[in-house]
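User: I'd like to go through this model label by label. Please back each term with its cut-off as we go.

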Amino acid sequence: MARDRPAGPAQDNREDRQAAGGGPFGMADQNYGNLAARLLDNGYAPLPILPGTKRPAVDAWTRVTIDEPVVAKWVEEYPRHGVGLRTGNLVGIDIDVLDPEIAYQLGQIVERRIGPSPMRVGLWPKRLYLARTETPFAKLSARKLEILGLGQQFVAFGIHPDTGQPYYWPAGDTPLDLPLIDLPL
């Protein structure tokens, strides 16, 4: 991730109503079988996601220790599933707003607070920023802004259930290339 860029993706205030997946950073072919081990190596807790949903395919996903043997088992069982990331030390800052101007303003607030951060999109202008914490906490909510913490997860790679298109990372920064430890604190 380019740490020296002056402004993050929220500064792009275009009237883009296109569903996720178009453009250079669509990830239609990305699935649990070929991404999970790399995400685990980068410090994340990857979960298999039921295709076309936002739900984990496994039970007790909030409590299971996600390590190499568990990921190897899930890769065998769920190779074509989407990929979710369990939160805890990882934090997802979810802007769940369809109004482009409000989503833009909330994105600016997030970026001023944490700095440039990877941003994932499923249905534009909704967006989710990644950050980390040294002390995990429960989910926090303020209207249409949620800070996903302990006991939560979000889809990082897969097909959005409403658009039928892949989730995407507009700036190209993804957890595949950015270790958890390098996210803004």
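Analyst: Let's start with exposure: buried means under 20% relative accessible area, exposed means over 50%, and partly exposed is in between (1.4 Å probe, protein chains only). Bear in mind that this is a predicted model, where local features need pLDDT of at least 70 and side-chain atom pairs count only at pLDDT 80 or more, while totals for chains, interfaces and linings use all residues. Residues are numbered from 1 along each chain as its sequence is written, and side-chain values use heavy atoms, leaving out hydrogens and water.

User: Why is K139 called partly exposed?

Analyst: Its relative accessible area is 36%, and that value falls between the 20% and 50% limits, so partly exposed is the label. E146 gets that label at 23%. Across the chain, buried residues make up 49% of the 185 residues.

User: What makes K139 and E146 a salt bridge?

Analyst: The rule asks for a side-chain nitrogen of Lys or Arg within 4 Å of a carboxyl oxygen of Asp or Glu. K139 and E146 come to 3.3 Å, N to O, so the pair qualifies. The chain has 4 salt bridges by this rule. Another is K73 with E77, at 3.8 Å.

User: How do you know that K73 and E77 are about one helical turn apart?

Analyst: They sit 4 residues apart in helix α2 (residues 68–77), hence the separation of about one turn. Helices here are DSSP runs of H or I with at least four residues, strands are runs of E with at least two, and both are numbered from the N terminus. K73 is partly exposed at 47%, and E77 is too, at 41%.

User: Which salt bridge links distant parts of the chain?

Analyst: That's K126 with D96, at 2.8 Å, N to O. K126 lies in the loop between β4 (119–120) and β5 (127–132), D96 in the loop between β3 (90–95) and α3 (100–114), and the two are 30 residues apart. Both are partly exposed, K126 at 25% and D96 at 26%.

User: Why are β4 and β6 called edge strands?

Analyst: The open sheet runs β4-β5-β3-β7-β6, with antiparallel pairing. β4 and β6 (140–142) each have a single partner strand, so one side of each lacks a neighbour in the sheet. Pairing takes at least two DSSP bridges between two strands. β6 and β7 (residues 145–148) have 3, so they count as paired. In that pair, A142 stands opposite L145.

User: What makes a set of residues a nonpolar core, and how many residues does the largest have?

Analyst: A core is a set of buried Ala, Val, Leu, Ile, Met, Phe, Trp, Tyr and Cys residues joined through side-chain atoms within 4.5 Å. The largest has 30 residues, and L39, W74, L90, F154 and F157 have the most contacts inside it. Elements giving two or more residues to this core are α1 (32–41), α2, β2 (82–86), β5 and β8 (153–157). Of these, α1 gives the most, with 5 residues.

User: How do you know that F154 touches other parts of the chain, and which residues are they?

Analyst: Contact means heavy atoms within 4.5 Å. Leaving out residues up to four places away in sequence, F154 touches a list including V83, L90, R120, L128 and L148.
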